[in-house]
Amino acid sequence: MRSRKVIGSIGVNIFAWVLSLILITPLILILVNSFKTSTAAAEMNLAIPKVFQFSNYLTVIEKGKLAVSFVNSMIYSVFSVALCTLTSSMAAYVLSRNRCKANKIIYLIIVLGITMPINFIALMKVMQILQIINTKIGIILLYSAIQTPFNVFLIYSFVSKIPRDIDEAAAIDGCSPLRLFFSIILPLLKPVLVTVMVLTFLNTWNEYILPLYYLGNSTNWPMTLAVYNFFGMYFKEWNLVCADIVLTSLPVIIVYILGQRYIVSGMTAGAVKG
Amino acid sequence: MKKSKMYPAYFLIGTLLLFGVLYLLPSILGIGYSFTDWSAYSDEVNFLGFNHMFDNYLKAFSDEKYIRYIGNTLLFTFVTTIVKDVISLALAVLLIRRIKLLNFHRAVLFIPAVLSALIVGMIFRSVLNPEVGLLNSFLRQLGIEGPQWLTNPDIAFWSVMAVDTWKGMGYIMTIFIAGLMSISPTYYEAADIDGAGGWQKFRWITMPMLMPAVTVVTVLNVIYGLRVFDIVYALTNGGPGYATEVLYTGIFKEFGYGKFAMGTTLSTIMFVVMVIVGYFLIRSMSRNEVEE
């Protein structure tokens, strides 16, 4: 009985390693090849490079115009995070605290947005009318808009856990609604706000459909679109493509390592806790 | 103090503007545009007339191309939902026990979920390359000649679904692990005392306790599947032919061709389906809340 358990335990552990290997091998492949010469990378294997050609990264930054797109991605992500976190938390707070009939309906419609698909073509028309098509501002507003439903949903359930007595006490002391929110409620929301910010950052960084539709001018492209375009032009030079992929994914991996707890809790919160 | 004064409505302005103008409005306008001849080739947008107002919809459900888009989207949703559910659940059940470095494995399995689908697509265009790609090189060492994963029309769509499963599996598994960890071990101890076997414990304790998580994971997968674009665009862009074309990549093509009315019709079909799915999602979630 005991030996069977030990064997079972070893088996499960081996299985876990095999699984992890299946998931990580393609990523290692990219990393390894990003240091190879063009001819060595053409074989697309996992062999350790004979010569480490670090200059691939410099070449890619230059040819792929990565500096510009990096700045673009940063602008889109940072501003969307700031805008969406602010508007979503203000809305979620009021919707959660004052559950009058109108607010309940508003909340329901916003949360329906989690599943609602975007009508990209009609959206083009709206953006033309607002004259924000092909602009950085337009994309930032769009990213904030599409992530509003999920963020409101996450913050809403968190707000309901904060006792209302706090609000009452502050109101009796003559605290204005804005001050109450910004100096008392917002600090209490910190855990969920960190989750919201990390997820919004990652989603904005990774997304590329909106720029594909609404940013014709390549000087406005984020990193994802720049790397894809680079891939189209230099698909024979896998070493460069790999270096480009590594550079584009690096911010995501860093944010993931730093914020893993928040990401996992945020992405699973809606599912497990309801 | 009155609630409406303490929690003033102007807090909602930012969200209502963003969501209302850039999310809701296009969907509603889109319904209107689906009854017109809107295209890039004419500045005028004309109503199709009462006798022909559903022409775009009739086309969407009769033209072979569009039926293919819809069929592929449904196939993708059906297959990836079931495969991800089953594999992820099996992995979660296996991995939760007696694993050293569980957190390490969980972290690794989650990585694909945070990478951009575009990046994953490019990575797998290398891995699945028929001549030199990692997968076929590996198969060759076993003496098997692997197929043209992404360019053979009979196989391409299955390859896309497999890559998508690779990307999404870790995320779904993490939800299941969280669900499994919330089951109190006392149930299993009691079952042990009663002499229950592994399968019996899974069937009568794990499954019922995990049902809420299964429901939500299924709904998440269905929503994701119906709206899929990224991974298909990055791997095959709908090709070869229309073999891997789904609704959203199809809509993007209509947009590219300037056939705006047709694109917005396909979007509206999707909109109606998703609002219904969304209604059930919210219902299932509010039921969980009650159970809490």
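Q: What percentage of the 292 residues in chain B is buried, and what makes a residue count as buried?
A: Buried residues account for 43% of the 292 residues in chain B, where a residue is called buried if 20 or more other C-beta atoms lie within 10 Å of its own, exposed if 12 or fewer do, and partly exposed in between, with C-beta atoms placed from the backbone. The model is a predicted one, in which local features need a pLDDT of at least 70 and side-chain atom pairs count only at pLDDT 80 or more, whereas totals for chains, interfaces and linings use all residues. Residues are numbered from 1 along each chain as its sequence is written, while chains are lettered from A and ligands numbered from 1 in the order in which they are written.

Q: How do you know how confident the prediction is for chain A?
A: The pLDDT, the predictor's confidence in each residue on a scale from 0 to 100, averages 87 over chain A, and 97% of the residues score at least 70. Within chain A, the lowest confidence falls in helix 2 (residues 38-41), with a mean of 80, and the highest in helix 4 (residues 66-97), at 94.

Q: Why is helix 6 of chain B called largely enclosed by the rest of the structure?
A: Helix 6 (residues 117-127) of chain B is described in this way because 11 of its 11 residues are buried. Among these buried residues are B:I119, B:M122, B:F124 and B:R125.

Q: Why are helix 4 of chain B and helix 8 of chain B called oblique to each other?
A: The axes of helix 4 (residues 64-95) and helix 8 (residues 156-181) of chain B come within 7 Å and cross at roughly 45°. Axes are lines fitted to C-alpha atoms, for helices over the stretch in contact, and angles run from 0 to 180 degrees between N-to-C directions. Angles under 35 degrees count as roughly parallel, over 145 as roughly antiparallel, 65 to 115 as roughly perpendicular and the rest as oblique, and helix 4 and helix 8 of chain B are therefore oblique to each other. The residues of this contact divide into 16 nonpolar, five polar and two charged, where Ala, Val, Leu, Ile, Met, Phe, Trp, Tyr, Cys and Pro count as nonpolar, Asp, Glu, Lys and Arg as charged, and the others, Gly among them, as polar.

Q: What makes helix 8 of chain B and helix 10 of chain B parallel or antiparallel?
A: Their axes come within 9 Å and cross at roughly 160°, which makes helix 8 of chain B roughly antiparallel to helix 10 of chain B.

Q: How do helix 4 of chain B and helix 10 of chain B pack, and at what angle?
A: Helix 4 of chain B packs against helix 10 (residues 198-226) of chain B at an angle of about 145°, with the axes 9 Å apart, in a right-handed crossing. Their contact has seven nonpolar, eight polar and two charged residues.

Q: What makes the phi of A:N134 and of B:N237 worth a remark?
A: Most residues other than glycine have a negative phi, and most peptide bonds are trans. The phi of A:N134 is near 65°, a positive value in a residue other than glycine, and that of B:N237, likewise positive, is near 50°. A:N134 lies in the loop between helix 6 (120-130) and helix 7 (136-159) of chain A, and B:N237 in the loop between helix 11 (230-235) and helix 12 (247-257) of chain B.

Q: Why is B:N237 called partly exposed?
A: B:N237 has 14 other C-beta atoms within 10 Å and so counts as partly exposed. A:N134, with 14 C-beta neighbours inside 10 Å, also counts as partly exposed.

Conventions
Helix = DSSP H or I, 4+ residues; strand = E, 2+ residues; numbered from the N terminus. Left-handed = near helix turned anticlockwise from the far one by under 90°.
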